[in-house]
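Here is a briefing on one protein model.

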Amino acid sequence: MPLRDLWGGIESFGQDTWHVVSGPGRIEGRGVWITAGALATGIVLFATDEWTRDQFAQEPGRLREGLREVGDFFEPAGLQSNTNLYLAGLTGLAYFTRQGWLHAPAKQLLYSQWISGLIRQASGLAVGRRRPSQEVDAYVFEPGNGKSFPSGHSAVAMAMATVLSHHIGHSAASVALYAAAGTIVFQRVDSGQHWSSDAWFGAALGLVVARGVISSEE
């Protein structure tokens with residue numbers, strides 16, 4: 001029944017959300033070192049955010065121009081208001097056609113977007129960091145003002161790459177998906193929309209949330 005299935009979906013989303021937010025308490029072994037390395041990298045990027053902005057302000061070379069063009073092409077896929085419409089439609093298609101092979105990836109893609117979006121919105125309001133394009137200091141924080149941290153596009157792109165890579169299960173596809181996501185992350189920094197640490201932590205958020213949803217569902 002549709003109403004029962006709707007309630008089941010809400011319950012499943014709640015379970016996945018709890019699994020993700022409680023994930024840090026389950027980190028152990030190799031995961032501790034990976035987490036520490038990711039945090040250390042983020043701290044280094046944060047400390048050099050203004051230097052990085054100054055470097056990107058210089059005239060771009062051919063490689064950078066190429067990466068930026070690819071990133072500009074994929075950039076719309078990193079906007080959650082765009083992807084939510086398509087993913088909701090894909091999830092509805094999987095439900096009404098009863099295509100089991102499509103249900104899990106569609107559901108995980110949608111849940112990853114919603115959960116990372118909630119975390120991102122809360123973090124953005126709490127941190128209150130403004131974008132580099134607003135010509136402000138990198139280390140001024142005004143809670144409630146500014147949503148530069150973390151990068152939403154980076155989170156969306158990395159979450160999608162993680163879920164699709166998992167379900168396709170082919171190394172070549174994984175390389176292509178993460179490379180495409182990487183160009184979006186690069187584009188957000190090169191365009192002055194985010195500091196480098198914003199993009200890094202946004203990408204990490206998308207990756208962690210997607211993996212959490214996958215492990216909760218399977």
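Helices (H or I, at least four residues) and strands (E, at least two) are DSSP runs, numbered from the N terminus. On that basis D72 and R68 both lie in helix α4, four residues apart, about one turn of the helix. The model is predicted: local features need pLDDT of at least 70, side-chain atom pairs count only at pLDDT 80 or more, and totals for chains, interfaces and linings use all residues. Residues are numbered from 1 along each chain as its sequence is written, and side-chain values use heavy atoms, with hydrogens and water left out.

**Salt bridges**

- The structure holds eight salt bridges; the term stands for a side-chain nitrogen of Lys or Arg within 4 Å of a carboxyl oxygen of Asp or Glu.
- One of them joins R64 and D190, at 2.7 Å from N to O.
- That pair links distant parts of the chain: R64 sits in helix α4 (residues 62-74) and D190 in helix α8 (residues 171-190), 126 residues apart.
- Both R64 and D190 are buried. Buried means under 20% relative accessible area, exposed means over 50%, and partly exposed is in between (1.4 Å probe, protein chains only).
- D190 counts as buried because its relative accessibility is 11%.
- Another bridge joins D72 and R68, at 3.0 Å from N to O.
- D72 is partly exposed at 34% relative accessibility, and R68 is partly exposed at 24%.
- D190 also meets R68 in a salt bridge, at 3.2 Å from N to O. D190 lies in helix α8 and R68 in helix α4, so this pair ties together parts that are 122 residues apart in sequence.
- Together, R64, R68, D72 and D190 are linked in a network of salt bridges.

**Aromatic pairs**

- A search of the whole structure finds six aromatic pairs. Rings of Phe, Tyr and Trp (its six-membered ring) pair if their centres lie within 6.5 Å; planes under 30 degrees apart count as stacked, over 60 as edge-to-face and the rest as tilted.
- F46 and F141 are stacked, because their ring centres are 6.2 Å apart and their planes stand at 25°.
- This pair links distant parts of the chain: F46 is in helix α2 (residues 30-47), and F141 is in the loop between α6 (100-127) and α7 (152-168), 95 residues apart.
- F46 is partly exposed, with a relative accessible area of 30%. F141 is also partly exposed, at 37%.
- F149 and F201 form an edge-to-face pair, 5.7 Å centre to centre with 65° between the planes.
- Here too distant parts of the chain are linked: F149 is in the loop between α6 and α7, F201 is in helix α9 (residues 196-217), and they are 52 residues apart.
- F149 is partly exposed at 21% relative accessible area, and F201 is partly exposed at 23%.
- F46, Y139 and F141 form one aromatic cluster.

**Surface and core**

- I27, V32 and W33 make a nonpolar surface patch with about 340 Å² of accessible area together.
- Patches are made of residues with over 30% relative accessible area and no salt bridge; like charges are joined within 9 Å, and nonpolar side chains (Val, Leu, Ile, Met, Phe, Trp, Tyr) within 5 Å. Accessible areas come from the Shrake-Rupley method with a 1.4 Å probe; for residues, only the protein chains shown count as cover.
- I27 is in the loop between α1 (2-21) and α2. I27 is partly exposed, at 37% relative accessible area.
- I115 is in helix α6. I115 is buried, with a relative accessible area of 1%.
- Leaving aside its neighbours within four places in sequence, I115 is in contact (heavy atoms within 4.5 Å) with F13, D16, T17, V20, V209 and V213.
- I115 and L205 are 90 residues apart in sequence and 9.9 Å apart in space, C-alpha to C-alpha.

**Backbone**

- α7 is mostly covered, with 13 of its 17 residues buried.
- Just after α7, G169 takes a positive phi of about 65°.
- The peptide bond from F149 to P150 is cis, with omega near -10°. P150 is in the loop between α6 and α7.
- E135 has a positive phi of about 55° although it is not a glycine. E135 is in the loop between α6 and α7.
- E135 is exposed, with a relative accessible area of 74%.
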